[in-house]
Amino acid sequence: MSEPGALRTRVDRLVREVAKFGVVGGLGVLVNLLVFNLVRHVTELPVVRASIIATVVAILFNYVGFRYFTYRDRDKSGRTKELVLFLLFSAVGLVIENGVLYTATYGFGWDTPLQSNFFKFFGIGVATLFRFWSYRTWVFQALPAKEAVQAAESFLEQAPRQASRAGRKQPDRV
């Protein structure tokens, strides 16, 4: 495979990964916002506590979606390690997401339902950037064997071409 072809393949894979991450993440955002608003309207819990409950529910939903849809082709050998890392990075995302809401609510007094939902959504967006990077880098790692096979296939595709070019350009030796 040529260098531009290899780059194109990598870009295509990344686009598919981002799209799948977006589908699961989009559904996770809906779950998060629905649970957030349900808890706020059914209970008397403060805004940030309701948000934390909603975030935890969305984290559980997202793990299932990421493991069995977005990253189903990734290494599955260390599920315990994967889950621990997922929960660790999700907890950091939870702090980012709810830190934005906390700052808006208690720092600036923006606590109407519309403002709370806006800053909840904004916090989800900021935390999503961190989550995408951390999940793909540390949690759902690509199988090394797959990359090695692709590199070997690329080498094998290029080897006959290079040999035939070398044979045409060099005179026969006696």
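**View 1. Helices H2 and H3 cross in a right-handed way.** In this predicted model, local features need pLDDT of at least 70, side-chain atom pairs count only at pLDDT 80 or more, and totals for chains, interfaces and linings use all residues. Residues are numbered from 1 along each chain as its sequence is written, and side-chain values use heavy atoms, leaving out hydrogens and water. Helices here are DSSP runs (H or I, at least four residues), numbered from the N terminus. Right-handed means the near helix is turned clockwise from the far one by less than a right angle. H2 (residues 47-70) and H3 (residues 79-107) pack at about 145 degrees, with axes 9 Å apart. Axes are lines fitted to C-alpha atoms over the stretch in contact, and angles run from 0 to 180 degrees between N-to-C directions.

**View 2. Here's H3 from end to end, with its 29 residues.** From first C-alpha to last, H3 reaches 40 Å, close to the 42 Å expected at 1.5 Å a residue (1.5 Å times one less than the number of residues). After H3 comes Gly-109, with a positive phi near 75 degrees.

**View 3. Now for the second largest pocket, about 240 Å³ in volume.** Of its 17 lining residues, Gly-25, Val-29, Ile-124, Thr-128 and Arg-131 sit closest to the centre. A pocket is an open set of points on a 1 Å grid over the protein atoms alone, where a 1.4 Å probe fits, with protein on both sides within 12 Å along at least five of seven lines; lining residues have an atom within 4 Å of a point. The volume is the space filled by probe spheres set on the points, which are joined across faces, edges and corners. H4 gives the most to this lining, six residues.

Note on methods: Helix = DSSP H or I, 4+ residues; strand = E, 2+ residues; numbered from the N terminus.
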